[in-house]
Amino acid sequence: MSSNRTFEDRPAVREKVPILAGLVGASGSGKTYSALALATGFQRVYGGDVFVADTEAKRALHYADIFKFRHVPFDPPFSPADYLSVLEHCARKGAKTIVLDSASHLHEGPGDILEVHAAEVERLKGVMGGVGGANFPAWQKPKSELRRFINATLRLGINAIFCYRAKEKLKMVTNEKGKKEPEPQGWVGICSPELLYEMTVNILLYPGSGGVPTWSPTEPGEKALVKLPGQFRTMFAQRKPLDADIGEALAKWAIGGAEPAKAEPEAHLIKDV
């Protein structure tokens, strides 16, 4: 039985869309510098200010002499609602591009999703027959908050670069003899699969890479997080550090047929290392 709704259709035309980029890497991989370089390229096309929401004890300020951006110190708590609040603050101030450095505190930091879940377990265990009975239903609140954050972020229509910490991970698997053994997963981002799924592009940076992406990892966890749609492959054909030119190319694709904004002259950029 149908709902009797009516719909419209028209020839498909690519329209202006925001870029959501995920940068996943361990300490020393060049995430912050790379994010600011990409954001500078976005700014060439979209104009406006670049904002950095900094959970990393003002680490972004190390690059204040290299890149031009507005700095937003972002201290705990790090719940989905707090992350949404900082994005909305930047949007109200006129941001066209926002760098979240780091987005991992949403999943591993004071007030994060795990702490919201733990608080819900405590609240529900009395009516759910203890901790075991409360564990599964207690995920409803943090998962709902995360989904609201994701949906609201998409509706903002602003370019955003999410920097994610990464750590080496092992997964217990059953071998051919029926015994459990650890299987390396590689460098896996501290983030939710739901958030990674919404990214336009997901970039893996190995430790010591100097901001040079890895697009063909061999470890299962790394292969699952890398995302490079076909329309971007020529932009990353050269093995080189992420820079403003790559950011500009991504942004020019994203505006479709729209005219680029007139951006202010950039601050001097040092040579990529």
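**Charges and salt bridges**

Guide: Glutamate 194 is partly exposed, at a relative accessible area of 27%. Partly exposed sits between buried (under 20% relative accessible area) and exposed (over 50%), using a 1.4 Å probe and protein chains only. This is a predicted model: local features need pLDDT of at least 70, side-chain atom pairs count only at pLDDT 80 or more, and totals for chains, interfaces and linings use all residues. Residues are numbered from 1 along each chain as its sequence is written, and side-chain values use heavy atoms, leaving out hydrogens and water.

Visitor: Which side chain does glutamate 194 meet in a salt bridge?

Guide: Lysine 143, at 3.5 Å, N to O. A salt bridge is a side-chain nitrogen of Lys or Arg within 4 Å of a carboxyl oxygen of Asp or Glu. Lysine 143 lies in helix H5 (residues 140-156) and glutamate 194 in helix H6 (residues 193-197), so the pair ties together parts 51 residues apart in sequence. Helices are DSSP runs of H or I, at least four residues, numbered from the N terminus.

Visitor: Is lysine 143 buried or partly exposed?

Guide: Partly exposed, at 42% relative accessibility.

Visitor: How many salt bridges does the structure hold?

Guide: It holds 12. One of them joins aspartate 245 and arginine 44, with the closest N and O atoms 2.7 Å apart. Aspartate 245 is in helix H8 (residues 244-254) and arginine 44 in helix H1 (residues 31-46), 201 residues apart.

Visitor: New topic. What share of the residues is buried?

Guide: Buried residues make up 46% of the 273.

Terms used: Helix = DSSP H or I, 4+ residues; strand = E, 2+ residues; numbered from the N terminus.
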